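Open the model in your viewer and keep the sequence panel beside it. The stops below say what to select and what is there.

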Amino acid sequence: MSDFNPQSMVCYNHPKRETLLRCNQCERPICTACAVHTPTGYRCKECVRGQQKKFDTALWWDYPLAILTAGVLAFVSTFLARIVGFFMLIIAPVAGMIIAEAVRRILKKRRSKKLPIITAGSAFLGAMLPTLSTLILVVLFSGQGQVTNLLPGLLSMIWPVIFALLVSSSVYFRLKGIRV
Ligand SMILES: [Zn+2]
Ligand SMILES: [Zn+2]
């Protein structure tokens, strides 16, 4: 057992550095500079990288696919939200869940680190698109100079913004695998 004589251990990357640490996956001795602190303990950089590769299964076309799916579905869900009014607060997390599931299915469960945030961002933009066009109309027709004329238009945008935020955060957490 090497534990009885820790002095004999040297880092596998740095033969001149003595160490007491071992990677808890491949069990090679590692110095503090080579150790990465993970939720399951210290690991060497190679093992951490290997793990990330397994996690990153998304192909390049998965990103445009995810953006398109999330954007279009979020756009459609905004019109539904307008019909139900206040109940959009209940609909938003459900819409987010449906969007996340749709993306997951279309991508055949391939995933990557960046995918949740990219998909959520696209869902936010998709949900905001009808509102952004409203904003442009408000700005165009509110007359020149009178800032107060803008207020009612801007206030009417609060709910769609909340809706878009709820939908996109629901998409994000669902794809990240966090249950709320
Ligand atoms: Zn290792
Ligand atoms: Zn080292």
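A donor here is an N, O or S atom within 2.8 Å of the metal (3.2 Å for Na, K and Ca); water is not among the atoms, so sites may look incomplete. Select Cys11 (SG), His14 (ND1), Cys31 (SG) and Cys34 (SG): these are the protein donors, 1.9 to 2.3 Å from the zinc ion (ligand 2). The site is tetrahedral, with angles of 103 to 115° among its four donor atoms. Four donors count as tetrahedral if all angles lie between 85 and 135 degrees.

Before moving on, note the ground rules. This is a predicted model: local features need pLDDT of at least 70, side-chain atom pairs count only at pLDDT 80 or more, and totals for chains, interfaces and linings use all residues. Residues are numbered from 1 along each chain as its sequence is written, chains are lettered from A and ligands numbered from 1 in the order in which they are written, and side-chain values use heavy atoms, with hydrogens and water left out.

Which parts of the chain does the pair Cys11 and Cys34 link? Cys11 sits in the segment before strand E1 (21–22), and Cys34 in the loop between strand E2 (29–30) and strand E3 (35–38), 23 residues apart. Helices (H or I, at least four residues) and strands (E, at least two) are DSSP runs, numbered from the N terminus. Cys11 is buried at 2% relative accessibility. Cys34 is buried too, with a relative accessible area of 5%. Buried means under 20% relative accessible area, exposed over 50%, partly exposed in between (1.4 Å probe, protein chains only).

Next, select the zinc ion (ligand 1). Its protein donors are Cys23 (SG), Cys26 (SG), Cys44 (SG) and Cys47 (SG), at 2.2 to 2.4 Å. Their spacing along the chain is C-x2-C-x17-C-x2-C. Why is the arrangement around the zinc ion (ligand 1) tetrahedral? Because its four donor atoms subtend angles of 102 to 118°. Color by accessibility: Cys26 is partly exposed at 30%, whereas Cys44 is buried at 0%.

Pick Glu27, in the loop between E1 and E2. Glu27 is not a glycine, yet has a positive phi of about 65°. Most residues other than glycine have a negative phi. Glu27 is exposed, at 53% relative accessibility.

Now show helix H2 (residues 62–84) and helix H3 (residues 88–106). They pack at an angle of about 160°, with axes 10 Å apart. Axes are lines fitted to C-alpha atoms, for helices over the stretch in contact, and angles run from 0 to 180 degrees between N-to-C directions. H2 is therefore roughly antiparallel to H3 (angles over 145 degrees). The contact (heavy atoms within 4.5 Å) includes Leu65, Leu73 and Leu80 of H2 and Ile91, Ile99 and Ile106 of H3.

Go on to Lys109, in the loop between H3 and helix H4 (115–141). Lys109 also has a positive phi of about 65°, and is exposed at 64% relative accessibility.

Finally, zoom out. The protein chain has six helices and four strands, in the order β-β-β-β-α-α-α-α-α-α. Buried residues make up 32% of its 180 residues.

Notes: Four donors count as tetrahedral if all angles lie between 85 and 135 degrees; four count as square planar and six as octahedral if opposite donors are over 155 degrees apart and all others between 65 and 115; anything else is irregular. Angles under 35 degrees count as roughly parallel, over 145 as roughly antiparallel, 65 to 115 as roughly perpendicular and the rest as oblique.
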